[in-house]
Amino acid sequence: MDLTATRDRQGEVRANFNLGPMQKAPIIASDGSKIRAVTATWSLIPTWWKQDLEEKKFSTFNAKSETITTTRSFNGPIKSLRCLVPAQAYYEWKREGKVKQGAFAIGMNDQSMFAMAGIWTYWKGTYKQKDWEGYSFSILTCKPNPLTADVHHRMPVILHKDTYQDWLHAPVEQALNLASPYPSQNMDVWEVDGRVGKLSENDEGLLAPKAEEKPDDETGLLL
DNA sequence: CCAGACGTTGTT
DNA sequence: GTCTGG
DNA sequence: CCAGACGTTGTT
DNA sequence: GTCTGG
C-alpha cells in the first residue's frame with residue numbers, strides 16, 4: 001500500500017485469509033482532516049447505539065453506495081468518517097437459485113493489494129454485558145462489473161490509487177462519485193476451496209485456485 | 001406529534 | 001442521531 | 001453471505 | 001425450517 005509507518009507496529013498486523021463480520025482488520029481512517037491506521041471491527045456500530053451490542057440485529061458490514069446518504073446507520077459517518085480497507089482478494093459464493101456453485105476469490109489480475117471504500121465509527125458500550133470500545137467499519141458496495149457479475153450481483157467499491165485522497169478527504173458528493181464498479185480488465189476471478197465458508201479455516205491455501213478433480217486413471221491409485 | 005426502527009445479501 | 005410509520 | 005444451533009430443569 | 005452468530 002506504499003504506507004510509511006509512524007510507529008513500530010511490528011507484530012500487530014499480519015495476513016488474514018478469512019475475515020468475517022465482527023472480526024478485526026486494519027483500516028486507514030480519515031476524520032476529515034487527519035488519517036491514521038487503526039484496527040477496526042468489521043460491522044459498523046452506529047454512534048447512537050445504546051444497547052448491548054448483542055441486541056443489534058441488523059446488518060451493517062456492507063453499505064449500499066446508492067442509498068448511503070439516506071440510511072440512518074450510515075448518513076452520519078459518510079460525511080467525513082471514510083476509510084480504506086486494504087485487501088488482496090475478497091470471496092463470494094456463486095449460486096443458481098438455491099444451488100450452490102462454489103466459492104470464488106476475486107482480486108487484481110497481478111495479485112496486488114487494493115483498497116475498498118469504507119466508513120467507520122468509534123463506539124463505546126458493552127458486548128455480552130462486558131465493556132467494549134473501539135473502531136468499526138462498513139464496506140461500500142456497488143453494481144458489479146461484467147467479470148464479477150458472473151459470480152455475484154454486487155461488488156465492493158474498489159478505489160483506484162489516484163482516488164484514495166479524494167475518498168478520504170473530498171466532500172461527500174465528490175467522494176461518492178468514486179463509488180463505481182472497478183474495471184474488469186484489471187481483475188481476476190478464480191474458484192477456491194469451499195473451506196472459506198468456515199471462518200475457523202484460515203491459511204494461505206484458501207487463496208489458491210481450487211484443485212481440479214482428477215479422473216480415476218490419473219490418481220495413481222491401483223484399483 | 002410520539003414510538004420505534006435503524007441493514008445487506010439474496011430469495012420469493 | 002435521524003428517519004419512518006402510525 | 002454461510003455455519004451452526006435449535007431446550008429445560010436444576011445443578012455447579 | 002428458521003434464527004443467531006460470526
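## Fold and interior

Of the 223 residues in chain A, 40% count as buried. The model is predicted; chain A has an average pLDDT of 87, and 88% of its residues score at least 70. For the complex, the predictor reports an ipTM of 0.77 and a pTM of 0.89. Where pLDDT is low, the predicted coordinates should not be read in detail.

The secondary structure of chain A comprises four helices and eleven strands. Among contacts in chain A with a separation of 6 or more, 65% are accounted for by residues 24 or more positions apart.

In soluble globular proteins, nonpolar side chains tend to be buried together. Here the largest nonpolar core contains 43 residues, and Ile 27, Phe 137, Ile 158 and Trp 167 have the most contacts inside it. Strand 7 (residues 114-127) supplies the largest share of this core, with six residues. Apart from it lies another core, made up of eight residues, including Ala 89, Ala 103, Ala 105 and Val 196.

Not counting residues up to four places away in sequence, Phe 137 touches Ala 25, Ile 27, Ala 40, Thr 41, Trp 42, Ser 43, Leu 44, Thr 60, Cys 83, Val 85, Ile 119 and Trp 120.

## Loop residues

One of these partners, Ser 43, is placed in the loop between strand 2 (35-42) and strand 3 (62-64). Its relative accessibility is 7%, so Ser 43 counts as buried, the limit being under 20%. The phi angle of Ser 43 is near 145°, a positive value in a residue other than glycine.

A positive phi is also found at Gln 111, near 65°, again in a residue other than glycine. Gln 111 belongs to the loop between strand 6 (99-108) and strand 7. With a relative accessible area of 31%, Gln 111 is partly exposed.

Ser 184 is located in the loop between helix 4 (172-176) and strand 11. This serine is buried, with a relative accessible area of 17%. Leaving aside neighbours within four places in sequence, Ser 184 is in contact with Asn 145, Pro 146 and Leu 147.

## Surroundings of DNA strand E

Which residues are around DNA strand E? They are Pro 21, Gln 23, Glu 54, Lys 57, Tyr 127, Lys 128 and Leu 199. By class, this surface has three nonpolar, one polar and three charged residues.

| Residue | Distance to a phosphate oxygen of DNA strand E |
|---|---|
| Glu 54 | 3.5 Å |
| Tyr 127 | 3.0 Å |
| Lys 128 | 3.5 Å |

Leu 199, another residue around DNA strand E, is found in the segment after strand 11 (187-192). Its relative accessible area is 39%, and Leu 199 is therefore partly exposed. Neighbours within four places in sequence aside, Leu 199 is in contact with Asn 18, Leu 19, Gly 20 and Gln 23; of these, Gln 23 is itself among the residues around DNA strand E. Between the C-alpha atoms of Leu 199 and Ser 73, which are 126 residues apart along the chain, the separation is 26 Å.

Conventions:
Residues are numbered from 1 along each chain as its sequence is written. Chains are lettered from A and ligands numbered from 1 in the order in which they are written. This is a predicted model: local features need pLDDT of at least 70, side-chain atom pairs count only at pLDDT 80 or more; totals for chains, interfaces and linings use all residues. Side-chain values use heavy atoms; hydrogens and water are left out. A residue is near a molecule or strand if one of its heavy atoms lies within 4 Å of it. A polar contact is a pair of N or O atoms within 3.5 Å; within protein, one must be able to donate a hydrogen and the other to accept it, and residues adjacent in sequence count only if both atoms are side-chain atoms. Ala, Val, Leu, Ile, Met, Phe, Trp, Tyr, Cys and Pro count as nonpolar, Asp, Glu, Lys and Arg as charged, and the others, Gly among them, as polar. Helices (H or I, at least four residues) and strands (E, at least two) are DSSP runs, numbered from the N terminus. Buried means under 20% relative accessible area, exposed over 50%, partly exposed in between (1.4 Å probe, protein chains only). Contact means heavy atoms within 4.5 Å. pLDDT is the predictor's confidence in each residue, from 0 to 100. A nonpolar core is a set of buried Ala, Val, Leu, Ile, Met, Phe, Trp, Tyr and Cys residues joined through side-chain atoms within 4.5 Å.
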